[in-house]
Amino acid sequence: MPELPEVEAARRAAQRIAAGRRIVEAHVADDPIVFEGVTPARFRRALVGRRVRAVRRHGKHLWLELDRRPWPCLHFGMTGGIHVSSPHRVGPTGRAVRLVSDGRVSRPDWPPRFTKLHLRFADGGELALADGRRLGRIRLRQDPPAEPPISALGFDAWRALPTPARFHAMLRERNAPIKAVLLDQSFAAGIGNWIADEVLYQAGIAPKRRASTLSLAEARRLRSKIRAVIGRAVGAGSDSDRFPRWWLFHRRWGHRRGGPPATTVRGEHIRHETVGGRTTAWVPSAQR
């Protein structure tokens, strides 16, 4: 599932293509699940002719700020992603197409397979959201940050971390395992499974520790690692090949390949357990 760094990469790509440009065409799939019952005709009326002022993000949610409301809000679900095409970058088919959500160059087909929303702008640029599993959602909202589902989210885990003292106080109110707390989007918006495992490994905190038991020093360390891990991933454009080689990320699923037990690059044994309903990779020798 795309996590905050991937969604931020998608936001930046969409911003480059869409900001300041007028939508001249909107192709909307007739999919009442993804669009939550909103008809294609209503969606087209809300978008065509409107100018995109900016592309915003909170946690794993994106929205296009238009010059007239309502605004389209996007959530990728498990496998959705944004593809962009620029008239200034010519590829084999006349368009440069990139699947932002996983960082790999897509097939040359345009629009991509399973496209749900396809926008064309006045300068010839295009943006498409594709979702083969139909687990993403595309909504219309008058004021996205003030309406569900975004209004029900916690602080943005990259742009709006609470102060160290406030972060510690928030943890002290939670008696669930710290891994479950980090995954709770009503607590921190944007942290998913691999980020939670990575920050807990780097902070030296066991995933089953009750959040309320963390000391102020541990809470500060955890907060610092959330900022550092997400910041590094965002800076790398969510390209995992550019993540530091010592990160747990690169070794966390080694056991699934049928080889010897997974270890970190430092030789630490990686254990796998279910915590907070998710398979969790952690290092008992380094996390307490």
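In helix α5, the residues Asn193, Trp194, Ile195, Ala196, Asp197, Glu198, Val199, Leu200, Tyr201, Gln202 and Ala203 are buried, where buried means under 20% relative accessible area, exposed over 50% and partly exposed in between (1.4 Å probe, protein chains only). The helix, residues 193-203, is thus mostly covered, with 11 of its 11 residues buried. These residues pack against α1 (4-18), α4 (178-183), α6 (216-235) and β14 (278-282), a contact being defined by heavy atoms within 4.5 Å. Glycine 204 follows α5 and has a positive phi, near 75°.

The model is predicted: local features need pLDDT of at least 70 and side-chain atom pairs count only at pLDDT 80 or more, whereas totals for chains, interfaces and linings use all residues. Residues are numbered from 1 along each chain as its sequence is written, and side-chain values use heavy atoms, with hydrogens and water left out.

The protein has six helices and 14 strands; helices (H or I, at least four residues) and strands (E, at least two) are DSSP runs, numbered from the N terminus. Of its 288 residues, 53% count as buried. Among contacts between residues at least 6 apart in sequence, 61% join residues at least 24 apart. The C-alpha trace spans about 55 × 40 × 30 Å along its principal axes.

A total of 18 salt bridges was counted, each being a side-chain nitrogen of Lys or Arg within 4 Å of a carboxyl oxygen of Asp or Glu. One of them joins the side chains of glutamate 8 and arginine 57 (2.8 Å, N to O). Glutamate 8 lies in helix α1 and arginine 57 in strand β2 (residues 52-58), so this pair ties together parts that are 49 residues apart in sequence. Glutamate 8 is buried, at 2% relative accessible area, and arginine 57 is also buried, at 12%.

A salt bridge is likewise formed by arginine 120 and glutamate 25 (2.5 Å, N to O). Because arginine 120 belongs to strand β8 (residues 115-121) and glutamate 25 to strand β1 (residues 23-28), parts 95 residues apart in sequence are tied together. Arginine 120 is partly exposed at 30% relative accessibility, as is glutamate 25 with a relative accessible area of 28%.

Proline 260 is found in the loop between α6 and β13 (271-275). This proline is exposed, with a relative accessible area of 64%. Between proline 260 and serine 151 the C-alpha to C-alpha distance is 45 Å, and the two are 109 residues apart in sequence.
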